[in-house]
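This report describes a ligand site and a strand. Please view the sequence and the structure before reading on.

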Amino acid sequence: PDALAVEDLRKRYGANEALKGVDLTVGEGELVGLLGPNGAGKSTLVKIACGLVQQTSGSAAVAGAPAGSLPANRSLGYLAELFRFPDWLAADELLQLHQKLVESRGGAAERRELLELVGLGEVPDRRVGQMSKGMQQRLGIAQAMLGEPKLLMLDEPTSALDPAGRRTVRELLETLRSRGVAVLLNSHLLSEVELVCDRVVMIARGEVVAAGAPEELSRAG
Ligand code: ADP
Ligand code: ADP
């Protein structure tokens, strides 16, 4: 099944229609950018996929299971935009804590492998407070990868980073793709998503207004 399959998804908050019938798929191992201005409905879509918000109608499935169900939640990893980890926790401790939360049995081997994957293999004892924003973002991605999710959802993963941090996160996304993890990343900047995504879906006022390869969309302006 697709990592994420969204069909005719609608969400109303009172009189405000945040999603007006959105269709979207993220295939296995595909890297898709969800692009749109503030208020477009990006977070609402991600929250529905994570089971944090209930849709008004339509369907959302993660790796073939209805969004919000236990199998769906086990198949996804999520990193919020303005996440904050406690300053005093070491990288490895943070992952250990999250392994308990997601009931991962990967143990020390899983933590070591993920820290290496995100380029923190040399500094497992570094505390969050001693890390640059870019390192924290990479640690956040490692945390979201615990338990081998099929779909990784990243909310504005580069917005808080300097150019060097952005570059390392982009390289990391390439690495994830080469491992077959599907990624849906939220952004309000085409310049960010076009560099890494296979496909971009643009949404505005709760509707998909364009979708395609990043080159096609930048050409269309
Ligand atoms: P984006 O992530 O693209 O900025 P959101 O999904 O956060 O967009 O918001 C889409 C629309 O839904 C906005 O008009 C926003 O104000 C509204 N909205 C989002 N969450 C809520 C909520 N919990 N209650 C009421 N309205 C909301
Ligand atoms: P983002 O777009 O980064 O998700 P927002 O500022 O849209 O951030 O939303 C922050 C929080 O406030 C979210 O939990 C969202 O669901 C909620 N929210 C957004 N708009 C409204 C609204 N009009 N009424 C109530 N809650 C809202």
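## Surroundings of ligand 1

Ligand 1 is surrounded by Y13, N16, A18, P37, N38, G39, A40, G41, K42, S43 and T44, a residue being near a molecule if one of its heavy atoms lies within 4 Å of it. This is a predicted model, in which local features need pLDDT of at least 70, side-chain atom pairs count only at pLDDT 80 or more, and totals for chains, interfaces and linings use all residues. Residues are numbered from 1 along each chain as its sequence is written, chains are lettered from A and ligands numbered from 1 in the order in which they are written, and side-chain values use heavy atoms, with hydrogens and water left out.

## Polar contacts

A polar contact is a pair of N or O atoms within 3.5 Å. A polar side-chain atom of S43 lies 2.5 Å from an oxygen atom of ligand 1, and a polar backbone atom of G39 is 2.7 Å from an oxygen atom of the ligand. For Y13, a polar side-chain atom lies 3.4 Å from a nitrogen atom of ligand 1.

## Strand β7

Strand β7 (residues 151–155) is largely enclosed by the rest of the structure, because 5 of its 5 residues are buried; buried means under 20% relative accessible area (1.4 Å probe, protein chains only). L151, M153 and D155 point one way from β7, whereas L152 and L154 point the other way. Strands such as this one are DSSP runs (E, at least two residues), numbered from the N terminus.

Methods: Polar contact = N/O pair within 3.5 Å; in protein donor to acceptor, adjacent residues only side chain to side chain. Buried < 20%, exposed > 50% of the residue type's maximum accessible area, 1.4 Å probe, protein only. Helix = DSSP H or I, 4+ residues; strand = E, 2+ residues; numbered from the N terminus.
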